[in-house]
Amino acid sequence: KALGICNEENASTSKAVWSNWYFSSRSTAKSLYWPKKEIDIDENKIKDLNSGKIPIYEDKLDEIINDYIDKSSEIVIVVSFVFEKGLSLIFEKLKRFLSNNRLTIITSNYLQSTEPKALRKLLELKSMGAKIYMFDSIKSNQSFHIKSYYFKNSSTNFSKCIVGSSNVSFSAFKKSYEFNVEIENEVFAKNLAKKIAVILENHFP
């Protein structure tokens with residue numbers, strides 16, 4: 001399969017291949033996360049952003065993620081890298097979330113950046129019921145550069161997608177210049193879920 005289930009034996013060696021991940025939808029971008037200030041977006045220049053003034057949050061992506069964890073019954077996180085210090089910012093919330101809910105995390109060994117300490121924390125989440133997958137960028141000779149966070153709760157009609165530049169790291173959550181878009185559009189969310197399913201079901205040619 002495209003991604004191996006992460007465990008002690010194959011966390012860094014699971015076979016994987018990657019197909020182009022692309023889809024389009026007319027979607028409403030609600031928020032951009034950038035560690036500075038609120039800015040104005042020219043609607044005529046960015047066709048898919050139709051909310052005019054877009055709030056920019058200052059160094060609070062982890063707080064937003066933690067808030068959405070509390071509101072969700074299903075979470076899918078797909079990121080190139082996971083670093084222990086960044087994962088620690090959302091780890092306790094994820095552990096509590098797993099008592100009654102579904103969590104899927106897909107990461108990779110792309111550029112050999114994901115930290116062993118972070119993998120141990122992911123394995124702890126796996127032992128609690130999370131589905132953890134490792135894309136083997138080394139053996140497949142393919143890059144893996146996605147950064148997306150998907151939150152859903154059907155009972156409350158809650159759905160949020162954050163797509164952009166932030167991996168799970170302290171720097172990405174708190175310090176670096178990052179550019180992420182929060183999208184509430186239902187069609188976009190369904191397309192995102194379908195594409196994630198394709199990733200999980202992908203086979204070697």
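Modeller: Let's look at the place where helix H2 (residues 84–97) meets helix H3 (residues 116–127): their axes come within 10 Å and cross at roughly 10 degrees. Axes here are lines fitted to C-alpha atoms, for helices over the stretch in contact, with angles from 0 to 180 degrees between N-to-C directions. H2 and H3 are therefore roughly parallel to each other (under 35 degrees counts as roughly parallel, over 145 as roughly antiparallel, 65 to 115 as roughly perpendicular and the rest as oblique). Helices (H or I, at least four residues) and strands (E, at least two) are DSSP runs, numbered from the N terminus.

Please keep in mind that this is a predicted model, in which local features need pLDDT of at least 70 and side-chain atom pairs count only at pLDDT 80 or more, while totals for chains, interfaces and linings use all residues. Residues are numbered from 1 along each chain as its sequence is written, and side-chain values use heavy atoms, with hydrogens and water left out.

Which residues of H2 and H3 make the contact? On the H2 side they are Glu84, Leu87, Ser88, Phe91, Leu94 and Lys95, and H3 brings Lys117, Ala118, Lys121, Leu122, Glu124 and Leu125. Contact means heavy atoms within 4.5 Å. An α-helix has 3.6 residues a turn, so residues three or four places apart point the same way. By class, six residues of the contact of H2 with H3 are nonpolar, one is polar and five are charged (Ala, Val, Leu, Ile, Met, Phe, Trp, Tyr, Cys and Pro count as nonpolar, Asp, Glu, Lys and Arg as charged, and the others, Gly among them, as polar).

Lys121 sits in helix H3 and is buried, with a relative accessible area of 18%. Buried means under 20% relative accessible area, exposed over 50%, and partly exposed in between (1.4 Å probe, protein chains only). Leaving aside residues up to four places away in sequence, Lys121 touches Glu84, Leu87, Ser88 and Phe91.

Now take H3 as a whole. With 12 residues, H3 reaches 16 Å from its first C-alpha to its last, close to the 16 Å expected at 1.5 Å a residue (the expected span is 1.5 Å times one less than the number of residues). Its buried residues are Ala118, Leu119, Lys121, Leu122, Leu123 and Leu125. What covers the buried residues of H3 includes H2, strand S7 (102–108) and strand S8 (131–135). Just after H3, Gly129 takes a positive phi of about 120 degrees.

S8 holds Tyr133, which counts as buried at 15% relative accessibility. Tyr133 is 55 residues from Val78 in sequence, and their C-alpha atoms are 9.4 Å apart in space.

Back at H2, there is a further helix to meet. The axes of helix H1 (residues 61–71) and H2 come within 10 Å and cross at roughly 5 degrees, so H1 and H2 are roughly parallel to each other. Asp62, Ile65, Asn66, Ile69 and Asp70 of H1 make this contact with Leu89, Ile90, Lys93, Leu94 and Phe97 of H2. By class, the contact of H1 with H2 has six nonpolar residues, one polar and three charged.

Some strands complete the tour. Six bridges join strand S6 (residues 74–79) to S9, and the two run antiparallel (strands pair if DSSP finds at least two bridges between them). The partner of Val76 in S9 is Tyr150. S9 is mostly covered, with six of its seven residues buried. S9 (residues 147–153) also pairs with strand S10 (residues 158–164) in the antiparallel sense, over six bridges, and there Tyr149 stands opposite Ile162. The S9 and S10 hairpin has four residues between the strands, and in it Asn157 takes a positive phi near 60 degrees. S10 pairs in turn with strand S11 (residues 180–183), antiparallel over four bridges, where Gly164 has Asn180 as its bridge partner.
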